[in-house]
Amino acid sequence: SYHKEFYALNDVSFEIKRGECVGILGKNGAGKSTILKIITGVLTPTSGKVTVNGKISALLELGAGFNPEYTGMENIYFQGNLMGFEREEMEAKVQAILDFADIGAFIDQPVKNYSSGMFARLAFAVAISVEPDILIVDEALSVGDMFFQAKSMSHMKKLIENDKTTVLFVSHDISSIKAMCSKAVLLENGTIKIYDRADKVTEVYFAEQFGKKVNSLGLQKDITTSSINTKFNDDSLNCTYSNDVFNKLSSFQRVQNGNANFTNVVL
């Protein structure tokens, strides 16, 4: 035998309910993009099956599904056609797409001349305009500027809050997954290591990566901690939160390793 079998995914099984936002975490090569391609039908699994109920709109690798020779406007209709929309239906959506993408006159230029950020703007605007049952986003937003990322995240949150759209979100940005997703999957070498609440999964992922980085740098990992309690006796400081409320607020969009905690802050 001159070869060795390699499984990008092996024995991966999970269920996602309608209206959930699920993050997919894992280091490069863990199988994140492969799983999305199988769900969208771009790849066929060697064995097993995927059951999808609903219309999918996917933002996979930058450029997937776009014809580089077509202009931005032509690609809008081309994408709509691929998703099964008539030209008249897409015409009704064009203005909303242009407003969201905000790339101005470049819409009439071939997309091969676009910067990666402009490409991401247009691709995301088209993906959300078709009001999908399932929206799949694979790292593509990371090339956009911070304002566009914030706008995209805000729009995805609205879709999730309306309970109409299921979102599958792959990102290396742990804080985004923690803020956006209710659940998360941690993939490791093509298998599921943990599928649980997003905050729990991000903590596990961070602890693993942080531990590896600390060890590789030869730093001391076990840091002794002591609890410091400060009492505020001044009655005018009634604006302080209770510790539970404060902890909840301070851990939002933040991953902690447990070595140190803020217990309260007073201005």
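Guide: A term to begin with: buried means under 20% relative accessible area, exposed means over 50%, and partly exposed is in between, with a 1.4 Å probe and protein chains only. The model is predicted, so local features need pLDDT of at least 70 and side-chain atom pairs count only at pLDDT 80 or more, while totals for chains, interfaces and linings use all residues. Residues are numbered from 1 along each chain as its sequence is written, and side-chain values use heavy atoms, leaving out hydrogens and water.

Visitor: What share of the chain is buried?
Guide: Of the 267 residues in the chain, 37% are buried.

Visitor: And how many helices and strands?
Guide: The chain has eight helices and six strands. Helices (H or I, at least four residues) and strands (E, at least two) are DSSP runs, numbered from the N terminus. Along the sequence the pattern is β-α-β-α-α-α-β-α-β-α-β-β-α-α.

Visitor: Switching to rings. How many aromatic pairs?
Guide: There are six aromatic pairs. Rings of Phe, Tyr and Trp (its six-membered ring) pair if their centres lie within 6.5 Å; planes under 30 degrees apart count as stacked, over 60 as edge-to-face and the rest as tilted. One of the pairs is Phe 66 with Phe 119, which is tilted, at 5.2 Å centre to centre and 55° between the planes.

Visitor: Where do Phe 66 and Phe 119 sit?
Guide: Phe 66 is in the loop between β2 (56-59) and α2 (72-82), and Phe 119 is in helix α4 (residues 116-129). The pair links distant parts of the chain, 53 residues apart. Both Phe 66 and Phe 119 are buried.

Visitor: Why is the pair of Phe 100 and Phe 148 edge-to-face?
Guide: Because the planes of Phe 100 and Phe 148 are at 75°, with the ring centres 5.9 Å apart. Phe 100 belongs to helix α3 (residues 87-101) and Phe 148 to helix α5 (residues 146-161), 48 residues apart.

Visitor: Are those two buried or exposed?
Guide: Phe 100 is buried, with a relative accessible area of 12%. Phe 148 is buried as well, at 1%.

Visitor: Which residues form a cluster with Phe 100?
Guide: Phe 124 and Phe 148 form one aromatic cluster with Phe 100.

Visitor: What charge sits over the ring of Phe 100?
Guide: The charged end of Lys 151, 4.7 Å from the ring centre. The rule is that NZ of Lys or CZ of Arg is within 6 Å of the ring centre and within 35 degrees of the ring normal. Arg 87 also lies over a ring, the face of Tyr 77, at 3.9 Å from the ring centre.
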